[in-house]
Amino acid sequence: MRVSKSSSLAPREAYRTTYHFQPVKHWMNDPNAPLFYKGYYHLFYQYNPKSAVWGRIVWGHAVSTDLINWRHLTGAAIYPDEWYDANGAWSGSATFLHKGGPPVILYTGSNNASQQVQVMAVPKNPSDPLLREWKKVSQNPIMVPIGINVSSFRDPTTAWLGSDQRWRVLVGSKSDKNKVGMALTFRSKDFVKWVKAKHPLHSARHTGMWECPDFYPVSLYGSHGVDTSTTGPSVKHVLKNSLDDSKVDYYTVGHYLPEFDRYVPDDGSVEGQNGLRYDYGKFYASKTFFDDNKSRRILWGWINESDSVADDLNKGWASLQAIPRVVRLDPINNRSLVQWPVRELESLRAHNVRKDSVVLERESIMKVEGFKSGAAQVDVEVEFELGAGDYETVEEELDGMTAQSLCSNNTSWGFGLMVLASDDLKERSAVFFKIIKGRVNGNVHTKVALCVDQSRSTLQLDVDKTSYGGFVSVQPHQRSLSLRVLVDHSIVESFAEGGKTCITSRSYPIVAVNENARLFVFNYNKLPLVLRHLSAWHMNSTVQIYESN
């Protein structure tokens, strides 16, 4: 069945996306165990098959040949039908024990006493490329929380194989004293009997529970991805944790010391919600996998709703997955990551609108004309060129100020795009750059922030309209800034400077929907600038096949 949009749909139906991943109905959250096997990409996900709110979770399952068009398989891949997962089959990961062999899934089971344990499942028929059916091994549960908080022991990672031929896997946990978040290490020779290491791979005070940890290598020499078991001088490692207290994903880049089973972040790394993030907006419980089909590492992330529970129940579904992104080490600094939507997405590009070398006068706004059916599902790439002069907003002190706080005073002194906008601009979501000059430790610095202002994203009242912001790494004396924005009815994904900084947001307009959605470019700065290039494509809808239950 092809999922399509109609201009006659009510606004609440118009919030359903046309090229993002989502089940036909009900609640979805964390992406689980993404993998490539026998010609198919697989995505499992946390799913409540009975309601548009969280509940007794099963594993949904879909397959694709291109990461864009999906076949949603019948029933649940993993169902909570044993004593150790009776309360839900929670998040987990997949590992290939042998190259070309079938995957093994590890996940968290929650029993009726709210105790969390780790569970293994294997394919019933490894020759089936769709991996429709899974069975739980008789040795389950294979990891139990001895000497660990029984309600804070979850989300096993993809395992990696050490030079000693022992497998390692991480499980998220915490210590209530000093709110220490930690990634516990377990080792195994046979992938069935696991022993907890005496110390965690890494921990950090005042960060709280670490959910959905992810640990993987990134190449120092090139943009290609590498297998999860790769170690040595050609790679650095990334440790990502999802912070249960603040619901943000943060990561550090550093070095893995296999002889000690320790991870050491780079000097100056910040732990917790003020550290580096994949995404400075609505993006959580993320999971990567190594795609050996195309030698790349791909990132999935869960995008929750920003409307009310009542709205979700009314529309019958809740949550999306972000467009899968290729993730790699920033080749300029080797200390952070860059992300970019998978190239397969560009196959959906259709009618194109283009603008080149347009002067944007100070405090001006320009409608981008030429869309045949509105701008509710578009892919926009834009580059701004700054002229001579001082474009900075002046802040006396920048010490301790976050990009989100600097972005929170609307679009003043900014330049960028307004998407999902009504003709009269009473509804609009602004994605823009802000250049700020101020003092840090007594010295004058200039910073660039990517901002998303949702304060006028909808005329509705019962909607979260939080503004988001993230600093963008730029070169000294750089005079141009680039931006890519994916718009899909109720989600906006923004990528600054080739994916150095990313922000995802949700929008629920009631006027600027379907053919009534508009795209604007604006310059609210005190000096003119040049729109060097804008290219915007209408995006075709993906093919989504939903098998009957």
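In this talk, a residue is called buried when its relative accessible area is under 20%, exposed when that area is over 50%, and partly exposed in between, using a 1.4 Å probe and protein chains only. By that rule, Asp379 and Arg484 are buried.

Good morning, colleagues. The model shown is a predicted one, in which local features need pLDDT of at least 70 and side-chain atom pairs count only at pLDDT 80 or more, while totals for chains, interfaces and linings use all residues. Residues are numbered from 1 along each chain as its sequence is written, and side-chain values use heavy atoms, with hydrogens and water left out.

I begin with the salt bridges around Asp379. A salt bridge here is a side-chain nitrogen of Lys or Arg within 4 Å of a carboxyl oxygen of Asp or Glu. The structure holds 34 salt bridges by this rule. Asp379 and Arg484 form one of them, with their closest N and O atoms 2.7 Å apart. This pair links distant parts of the chain, since Asp379 belongs to strand S27 and Arg484 to strand S33 (residues 480-488), 105 residues apart.

Arg349 and Asp379 are both buried. Arg349 has a further contact: it lies over the face of Trp537, 3.6 Å from the ring centre. A charge counts as sitting over a ring if NZ of Lys or CZ of Arg is within 6 Å of the ring centre and within 35 degrees of the ring normal. Another example is Arg16, whose charged end sits over the ring of Trp317 at 5.7 Å from its centre.

Arg71 is in strand S4 (residues 70-72), and Glu547 is in the segment after strand S38 (544-546), 476 residues apart. Arg71 is partly exposed because its relative accessible area is 33%, whereas Glu547, at 17%, counts as buried.

Strand S4 leads us to a sheet. Two strands pair if DSSP finds at least two bridges between them. An open sheet of 6 strands runs in the order S21-S1-S2-S3-S4-S38, with mixed pairing. Strand S21 (317-318) and S38 stand at its edges with a single partner strand each, so one side of each has no neighbour in the sheet. Within the sheet, strand S3 (residues 58-64) pairs with S4 in the antiparallel sense over 2 bridges, and Ala62 has His72 in S4 as its bridge partner.

I turn next to strand S17 (residues 248-257). Is this strand enclosed or open? It is largely enclosed by the rest of the structure, because 8 of its 10 residues are buried. Strand S16 (residues 235-243) pairs with S17 in the antiparallel sense over 7 bridges, and Lys240 has Tyr251 in S17 as its bridge partner. The hairpin of S16 and S17 has 4 residues between the strands, and there Lys247 takes a positive phi near 60 degrees. Leu257 has Arg262 in S18 as its bridge partner. This hairpin also has 4 residues between its strands, and Asp261 in the turn has a positive phi of about 50 degrees.

The next topic is aromatic rings. Rings of Phe, Tyr and Trp (its six-membered ring) pair if their centres lie within 6.5 Å; planes under 30 degrees apart count as stacked, over 60 as edge-to-face, and the rest as tilted. The whole structure contains 30 aromatic pairs. One of them is edge-to-face because the rings of Phe384 and Phe415 have planes at 75 degrees, with centres 5.3 Å apart. Phe384 is in strand S27 (residues 377-386) and Phe415 in strand S29 (residues 414-421), 31 residues apart. Both of these Phe residues are buried. Elsewhere, ring pairs link Phe21, Tyr45, Tyr47, Trp70 and Trp300 into a cluster.

Val511 is partly exposed, because its relative accessibility is 39%. Thank you for your attention.
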